Amino acid sequence: PEMNGVKDLFDRGAAAFVPNVGPLLEPVNRQAVEDGIALLPDRLESHNDQQSTWQAFSVEGAGQGWGGNILAAMQQTSPYTAISVTGQTVFLSGAETRQLQLASSGQVQRAYGTNRRVYNSDEATAILRNYYRTSADHLNNPLMRDLVRAQAKAVDDTNVLAALLDQSSVGDSIRLDGNRLSDQLGTVADLINVRSALEVNRQIFFVGMGGFDTHNDQANRLPQLLETLSDAMTSFYNALEMEGLANDVTLFTASDFGRTLTANSSGTDHGWGGHQLVVGGAVNGQRILGDVPEYTVDHDYAYRTRGSLIPQISIDQYGSELVRWFGLNASELNTIFPNRGRFDTTSLDLFI
């Protein structure tokens with residue numbers, strides 16, 4: 001009942017579920033895991049490592065994520081194509097991709113003196129702006145020269161973005177009191193709204209929320225988390241629909257792992273596979289695209305005492321669906337998703 005918004009999106013055909021998704025190196029089942037013959041991802045059930053594995057197919061310390069590599073494959077190198085509204089993320093890092101980090105509020109802090117008078121002086125402001133632009137020209141050390149030029153470019157990029165976001169108001173209808181995820185999605189909507197002025201036609205954003213590590217008090221905590229998620233996703237989609245952008249934007253969930261099927265006192269333990277939600281006008285909605293495992297600990301895709309789900313759909317398969325919609329071909333998918341060839345590459349029919 002806390003997810004009435006998502007239920008409405010589902011009924012309207014704008015939302016679909018992809019059950020039991022997770023990191024896999026090859027298709028496996030319970031018997032293969034228990035017999036010790038299955039090839040398994042490293043450090044399962046470790047938060048940091050599995051977040052990194054979801055985003056970059058390697059444990060913590062990975063340098064490139066599939067979000068960043070998608071943009072590199074599409075030759076999207078603008079600083080406004082890879083944007084995180086929840087801090088640094090490996091997902092948006094790539095060989096040719098540098099992510100831009102913004103506050104969830106959408107407020108952009110300009111460099112000192114570049115957007116207002118300094119000590120009531122326009123002359124001082126002009127001097128400061130010129131300093132940022134030209135200070136690298138007089139440096140002999142190549143490394144220092146490159147660093148200062150990078151800083152100057154960041155100052156210019158920030159001023160451009162701040163001026164545009166000051167005028168954008170799409171996100172105001174998305175932000176809900178006390179809902180930090182909706183704040184992030186409101187900023188994303190504002191950035192989408194000014195894409196033409198930023199001269200970009202492809203963007204990947206990263207937002208996030210925590211709190212799902214429910215080892216205790218799950219009965220009280222989980223409904224609140226699901227309500228936050230549902231309300232934020234619903235307000236985001238509805239605003240995009242009003243702007244005529246619903247078919248051009250897809251919002252999808254990912255998590256380090258799901259939870260065990262049976263309780264640990266008042267909560268659950270770390271699992272493996274988890275169910276994901278995809279929302280957008282192009283989504284083949286009102287469907288569950290895969291098999292939902294039985295809610296018992298005695299079947300081929302549950303193992304360990306409390307029942308940890310063994311994924312039936314790999315990140316490679318799930319991500320390939322999203323990236324194919326985004327515009328990449330099969331050859332490019334095989335480069336971005338290293339284990340894709342080990343799984344069934346038939347489409348999940350996630351999009352219309």
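Reader: How do you know that the span of helix α7 agrees with its number of residues?

Author: Helix α7 covers residues 180-193, and its 14 residues at 1.5 Å a residue should span 20 Å; the end C-alpha atoms are 20 Å apart, so the two agree. The expected span is 1.5 Å times one less than the number of residues. Helices here are DSSP runs of H or I with at least four residues, strands are runs of E with at least two, and both are numbered from the N terminus. One caution: this is a predicted model, in which local features need pLDDT of at least 70, side-chain atom pairs count only at pLDDT 80 or more, and totals for chains, interfaces and linings use all residues. Residues are numbered from 1 along each chain as its sequence is written, and side-chain values use heavy atoms, with hydrogens and water left out.

Reader: What makes α7 mostly covered?

Author: Of its 14 residues, 11 are buried, where buried means under 20% relative accessible area, exposed over 50% and partly exposed in between (1.4 Å probe, protein chains only). Among them are Leu185, Gly186 and Val188. The buried residues of α7 pack against β2, α6, α8, β4, α9 and β5, contact meaning heavy atoms within 4.5 Å.

Reader: What caps the N-terminal end of α7?

Author: Asn179 does, with a side-chain oxygen 3.2 Å from the backbone nitrogen of Leu181. A polar contact is a pair of N or O atoms within 3.5 Å; within protein, one must be able to donate a hydrogen and the other to accept it, and residues adjacent in sequence count only if both atoms are side-chain atoms.

Reader: Why is Ser104 called buried?

Author: Ser104 has 18% relative accessibility, so it counts as buried. Ser104 lies in the loop between β3 and α5, and the residues it touches include Arg180, Asp183, Gln184 and Thr187.

Reader: And why does Leu143 count as exposed?

Author: Leu143, found in helix α6, has 58% relative accessibility and therefore counts as exposed.

Reader: Why is Asp217 partly exposed?

Author: Its relative accessibility is 34%, so Asp217 counts as partly exposed. Asp217 sits in the loop between β4 and α9, and has a positive phi of about 55° although it is not a glycine.

Reader: Where is Arg43 found?

Author: Arg43 is in the loop between α2 and α3. Its phi is near 55°, a positive value in a residue other than glycine.

Notes:
Lists of a residue's contacts leave out its neighbours within four places in sequence.
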